[in-house]
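Trainee: Could we go through this structure together? I would like to begin with the aromatic rings.

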Amino acid sequence: MSDSKISALPSVSATADADMLPLVQNNGGNLATRRATMAQLRTGILADRPIHVRDFGAAGNGTTNDAPAIQAAINALKLAGGGVLQFGPRIYRIASPIVIDGVTVMLQGAGFTEGPTEANGTWLKIDQTGFTPFTFTGPMARGSIVRDIAVRQYHSTSFTASWAPTDYDYIFRVQDCLGAVDFENILLVTVNRGIWCDNSGRMSIKRLRGHVFTRGVEVDRCLDICRLEHVHFWTFGTDNGHVVTWQQNNQDALVFRRVDGVFLDDIFVLGARSTLRFSSSASGVTTKFYGSNIYADFSKYGIWIDGNDVEGRIANITTQGELYTAGGPVPVTGATGILIDSNNVRLQIGNLRVDDSESNAIRVNGSNNRLDIFAFRAENFNRLNDGSAAIHLANVSVGNPNQVYLGSPALLGNGNSGPLVNATTNGFVASAAPGGRVDRPGVMIGSLDTGISQPSAGNLALSIGGAEQMRLSAGNINLGGVAGAHALTISTPAGSVNQFTLASSIAGGTPTISATGTDANIPIQISPKNIAPVRFNSRGNLAFEVNAVATPTNFVRINGTATGAPPQITAQGTDANVALLLLGKGTGPVQAGSPLQLPPFTVATLPPAATYPRCMIFVSDGTANKRLAISDGTSWRWPDGAVVS
């Protein structure tokens, strides 16, 4: 046959597998005719090529149910050991379920034009409920891929306040694959529920865009890392206010239940009840999740955690709880940037901004929850103007209190003077301060239960080893224990202009307590409680005590004097005449360590004897043996009893 030209060969109307067919090949620069059987051509040329849904009868006209043809193509790929199933740039109506089981396939579309309706590219049209359009199931479906395809569902266009979406099932269910099924470059337009993944680890979703109503993605029993990257949920289908309002009260964009680690990157959601929801199932909760860049726009909750023991971290997240139809910073009822409705949560956030919260930017219910936030900014919180705090911590009656640690001071704006944390809680917000060093301390925190916290609005406390040692509030400093069990209080009254100063001294000097202030003369007052005395110790024991036997109106004054004048102990008080009484204890007498000097009088200047009964004076002009005189209450008398005259 190689010597015959193709034009010279006899014509045939049909070929069988055994028939010989001519081929022209290059033979050393010369064209030559070769031969091969039809079976050989089919094996060599057609083997391993992708198959097309139209090869199995798919019409792609938007009205015919193409699901049976797609299922037939998948069944053919199953017999061939898997492969690529191509979808052309048409509209394929799916009105019955398609199951990928026991085979690994790639559902390859032709791309799509973003928009609210079917346009260029590959579109799947779904207008009936009661079934799952695509189910991947079984270990042999692992490694399957869906890419470059758009999906649209149909709902009521009677946009009223009672609008709700048609209750379609998930478009894609990945069930019990025990491994990855991936989605890449998918558009979901007015889709009620998007992708469900259960008991299938390592799923990857890249470049998922769309407009979803109830769920975008939901994952459970993912026991190996799954990834969601470049997710963008927006009003592709309609921006009608009733539709978005329904979403803000009902849609949970990304839901994670039992997930052992999930990587989230470049997530944007507009119009949702929650952008990220970490919930639970009978299998458990999400742990060790990691998010890098999250933007929750017009979302009631940026993050909603209602599963106990959830644990994870996020690098950057911005949430905005504005009502979509308000046209200004009016929050959705109950809007909160971060909401925790569970216990034992551990959440770490690098940078957090929360805008437009009805009450609290962060609300922590439950018990024993801990949030670590490096940089926190809240704008337009406490919109009800009822004193709501930027951070609300539930008071815990049973269990461990809730904790929030801020790596830098919170930046609060337009909060109607709402405090950082609510006062009615035994939880606490600890705020870091500039770190010190051993030789020049600022604030050095050495352990979990040592450092500065804000125990209530307007207060600042310092704890060491879990025990409060100092609390500062308006005008007061308590030292040496929790308020009520402290050692020292420093109180500053309103309008204070006078102060006292405690000063240490150098070697050889004397520490001092002194009064300072604007007044010219400032006394210092020491006041014991009730009837207790004031005591002064020396050498470790009591040396001097000041006491009052009744409510004082008369008192003792000790006066220092100038050079040449003796110091004075004087009686003072409200009475016109106040005696000064010196008492020994028991039978102990009153002693004088030096000669006792009596006041001098002359016979002519004697004071009234009745004023000084039993008193003794010195009479300077008395005669021999007549110098001392004693009052008997009526007259002054010499020692021999004679009246002084």
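Mentor: Rings of Phe, Tyr and Trp (its six-membered ring) count as a pair if their centres lie within 6.5 Å; planes under 30 degrees apart are called stacked, over 60 edge-to-face, and the rest tilted. This is a predicted model, in which local features need pLDDT of at least 70 and side-chain atom pairs count only at pLDDT 80 or more, while totals for chains, interfaces and linings use all residues. Residues are numbered from 1 along each chain as its sequence is written, and side-chain values use heavy atoms, with hydrogens and water left out.

Trainee: How many aromatic pairs are found in the whole structure?

Mentor: The search finds 16 aromatic pairs. One of them joins Phe268 and Tyr295 in an edge-to-face arrangement, with 5.3 Å from centre to centre and 70 degrees between the planes. Phe268 belongs to strand E17 (residues 262-278) and Tyr295 to strand E20 (residues 287-305), so the pair links distant parts of the chain, 27 residues apart. Strands (E, at least two residues) are DSSP runs numbered from the N terminus, as are helices (H or I, at least four).

Trainee: Is Phe268 buried or exposed?

Mentor: Phe268 is buried, at a relative accessible area of 15%, whereas Tyr295 is partly exposed at 33%. Buried means under 20% relative accessible area, exposed over 50%, and partly exposed in between (1.4 Å probe, protein chains only).

Trainee: Which residues do ring pairs link into a cluster?

Mentor: Phe134, Phe136, Phe172 and Phe183 are joined in that way.

Trainee: And what sits over the ring of Trp304?

Mentor: The charged end of Arg277 does, 4.0 Å from the ring centre. The criterion is NZ of Lys or CZ of Arg within 6 Å of the ring centre and within 35 degrees of the ring normal. Arg173 likewise lies over the face of Trp196, at 5.3 Å from the ring centre.

Trainee: Turning to charges, how many salt bridges does the structure hold?

Mentor: There are 25 salt bridges, each being a side-chain nitrogen of Lys or Arg within 4 Å of a carboxyl oxygen of Asp or Glu. Among them is the contact of Asp167 with Arg193, at 2.8 Å from N to O. That pair also links distant parts of the chain: Asp167 is in the loop between E11 and strand E12 (170-175), and Arg193 is in strand E13, 26 residues apart. Asp167 is exposed, with a relative accessible area of 54%.

Trainee: What about Glu218 and Arg215?

Mentor: Their side chains meet in a salt bridge at 3.3 Å, N to O. Glu218 is buried at 6% relative accessible area, and Arg215 counts as buried at 13%. Salt bridges with shared partners join Arg215, Glu218, Asp252, Arg257, Arg273, Arg277 and Asp306 into one network.

Trainee: How many disulfides are there?

Mentor: The structure holds zero disulfides, a disulfide being a pair of cysteine sulfur atoms within 2.5 Å. For Cys222, the nearest cysteine sulfur is that of Cys226, 3.9 Å away. Cys222 counts as buried, at 0% relative accessibility.

Trainee: One last topic, the backbone. Where is Asn382?

Mentor: Asn382 lies in the loop between strand E25 (370-379) and strand E26 (391-393). Although Asn382 is not a glycine, its phi is positive, about 55 degrees. Most residues other than glycine have a negative phi. Asn382 is buried, with a relative accessible area of 0%.
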